[in-house]
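Okay, thanks for coming, everyone. Let me put the structure up, and then I'll walk you through a pocket and the core.

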Amino acid sequence: MSDLHVYEYAVLHVVPRIERGERINAGVLVYCRPLSYVGARTHLDEARLLALDPAADIAGVRAALRAVEGVCAGGDAAGQASHDDPGRRFGWLIAPRSTIVQPGPVHTGLTTDPGAETERLLDLLVR
C-alpha cells in the first residue's frame with residue numbers, strides 16, 4: 001500500500017486591472033480527498049502588485065486572501081461554508097468569480113503530506 005495520495009491544487013492570482021490581463025500569484029489552494037484536507041497559503045508581494053497598479057487596494061486584497069484561508073480552515077472563519085466538507089469548500093473556492101482574487105486552473109499531484117505540499121507549492125509558485 002502506497003503512502004502517496006492524490007491531491008488537487010490551484011494558484012490564486014491577483015488581477016488588479018482585468019482590462020490589462022496582468023496578474024501576480026498570491027497563494028495556493030490544496031485539496032486532498034483521501035485525507036479530508038483543504039488548505040490555503042497566501043503571500044502578497046505588495047511591491048509587485050503596486051507596480052501593476054499603483055492604486056491597487058492592498059487592504060482589500062489582503063482581506064480577500066485571508067477569507068480564502070478562513071474558508072479552508074473551516075469553523076467560524078469559514079462563514080456560510082463552516083459546515084461544508086473539505087471538497088465542497090475547495091469547489092467553492094476554485095469557482096471562477098469576477099473579483100480581483102481569481103483561482104487558476106486545477107492541477108493534480110501526489111503527496112504524503114498535503115500540509116507540507118501546500119508550503120512547497122507556495123514557495124515554488126508564489127514566493
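So, start with the lining of the largest pocket: α2 gives the most to it, four residues. Helices here are DSSP runs of H or I, at least four residues, and strands are runs of E, at least two, numbered from the N terminus. Quick caveat: this is a predicted model, where local features need pLDDT of at least 70 and side-chain atom pairs count only at pLDDT 80 or more, while totals for chains, interfaces and linings use all residues. Residues are numbered from 1 along each chain as its sequence is written, and side-chain values use heavy atoms, leaving out hydrogens and water.

Back to the lining: α2, α3 and β4 (101-103) each supply at least two residues. By type, the lining splits into 10 nonpolar, one polar and one charged; Ala, Val, Leu, Ile, Met, Phe, Trp, Tyr, Cys and Pro count as nonpolar, Asp, Glu, Lys and Arg as charged, and the others, Gly among them, as polar.

Now, which elements give two or more residues to the largest nonpolar core? First, the core itself has 22 residues, and V14, L29, L44, L49, V61 and L65 touch the most other members. The elements are β1 (5-14), β2 (24-32), β3 (37-42), α1 (46-52), α2 (58-73) and α3 (86-94). Again α2 gives the most, six residues. By core I mean buried Ala, Val, Leu, Ile, Met, Phe, Trp, Tyr and Cys residues joined through side-chain atoms within 4.5 Å, with buried being under 20% relative accessible area (1.4 Å probe, protein chains only).

Methods
Buried means under 20% relative accessible area, exposed over 50%, partly exposed in between (1.4 Å probe, protein chains only).
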